[in-house]
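Take a moment to look over the chain before reading on. The notes below go through it topic by topic.

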Amino acid sequence: QVQLVESGGGSVQAGGSLRLSCAGSGFTYSSVCMGWFRQAPGKEREGVAAIYTGGGSTYYADSVKGRFTISQDNAKKTVYLQMNSLKPEDTAMYYCAADLYGRTYGGRWRNHFDFGYWGQGTQVTVSS
């Protein structure tokens with residue numbers, strides 16, 4: 001059974017940092033796409049960052065480039081999202097997702113419909 005378990009959310013002031021973790025189990029971790037998405041109240045779910053676990057390629061939304069870093073620990077089957085210089089507009093529920101079937105190959109990671117497995121989400125709140 002595939003499981004994704006997020007942790008690390010919380011409340012910080014603008015300019016602060018948080019690190020989210022997503023521990024995966026129940027699937028072969030190599031050669032999959034792991035993504036982070038977020039959804040604020042009343043807004044659509046948007047892609048934040050993604051990593052292809054086989055080659056390590058990473059992708060970011062323009063709004064977080066230079067501030068967020070996605071990384072992985074293959075041995076632990078864990079993906080991280082280091083978030084620095086946080087802004088109030090980063091406030092959202094953050095979700096980890098996995099594409100195990102190649103739907104996002106070629107860098108097509110932004111469409112959340114292509115990710116078949118999701119974590120429960122972790123709340124990030126940034127106050128001004």
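Predicted model: local features only at pLDDT ≥ 70, side-chain atom pairs only at ≥ 80, totals over all residues.

Residues are numbered from 1 along each chain as its sequence is written, and side-chain values use heavy atoms, with hydrogens and water left out.

**Nonpolar cores**

- In soluble globular proteins, nonpolar side chains tend to be buried together.
- A nonpolar core here is a set of buried Ala, Val, Leu, Ile, Met, Phe, Trp, Tyr and Cys residues joined through side-chain atoms within 4.5 Å.
- Buried means under 20% relative accessible area, exposed means over 50%, and partly exposed lies in between (1.4 Å probe, protein chains only).
- The largest nonpolar core has 29 residues, and Met34, Trp36, Leu81, Met83 and Tyr94 touch the most other members.
- Two or more residues of this core come from each of β3 (18–25), β4 (33–39), β5 (46–52), β7, β8 (78–83), β9 (92–99) and β11 (122–127).
- Strands (E, at least two residues) and helices (H or I, at least four) are DSSP runs, numbered from the N terminus.
- Strand β9 gives the most to this core, with four residues.
- Another core lies apart from it, with seven residues, among them Ala50, Ala97, Trp109 and Phe115.
- What does Leu81 touch, not counting residues up to four places away in sequence? Its partners include Leu18, Leu20, Trp36, Val48, Phe68, Ile70 and Tyr94.
- Contact means heavy atoms within 4.5 Å.

**Cysteines**

- A search of the whole structure finds one disulfide, a term for a pair of cysteine sulfur atoms within 2.5 Å.
- The disulfide joins Cys22 to Cys96, with 2.0 Å from S to S.
- Cys22 lies in strand β3 and Cys96 in strand β9, so the pair ties together parts that are 74 residues apart in sequence.
- The link of Cys22 and Cys96 is left-handed, with -70 degrees about the S-S bond.
- Cys22 and Cys96 are both buried.
- Cys33 is in no disulfide; the nearest cysteine sulfur is that of Cys96, 10 Å away.
- Cys33 counts as buried, at 1% relative accessibility.

**Aromatic rings**

- A pair of aromatic rings is described by the distance of the centres and the angle of the planes.
- Rings of Phe, Tyr and Trp (its six-membered ring) pair if their centres lie within 6.5 Å; planes under 30 degrees apart count as stacked, over 60 as edge-to-face and the rest as tilted.
- The structure holds seven aromatic pairs.
- Why is the pair of Phe27 and Tyr29 tilted? The ring centres are 6.4 Å apart and the planes are at 35 degrees, so the pair is tilted.
- Phe27 and Tyr29 are buried.
- Phe37, Tyr95, Phe115 and Trp118 form one aromatic cluster.
- The charged end of Arg45 sits over the ring of Tyr95, 4.1 Å from its centre.
- The charged end of Arg45 also sits over the ring of Trp118, 4.7 Å from its centre.
- A charge sits over a ring if NZ of Lys or CZ of Arg is within 6 Å of the ring centre and within 35 degrees of the ring normal.

**Two buried threonines**

- A polar contact is a pair of N or O atoms within 3.5 Å; within protein, one must be able to donate a hydrogen and the other to accept it, and residues adjacent in sequence count only if both atoms are side-chain atoms.
- Thr53 is in the loop between β5 and β6 (58–60), and counts as buried at 3% relative accessibility.
- A polar atom of the Thr53 side chain lies 2.7 Å from the backbone oxygen of Tyr29.
- Thr122 is in strand β11, and is buried with a relative accessible area of 11%.
- The Thr122 side chain reaches the backbone nitrogen of Gly9 at 3.1 Å.

**Two partly exposed residues**

- Thr69 is in strand β7 (residues 68–73), and counts as partly exposed at 41% relative accessibility.
- Leaving out residues up to four places away in sequence, Thr69 touches Tyr60, Tyr80, Leu81 and Gln82.
- Lys87 is in the loop between β8 and β9, and counts as partly exposed at 34% relative accessibility.
- Beyond its neighbours within four places in sequence, Lys87 is in contact with Arg67 and Val126.
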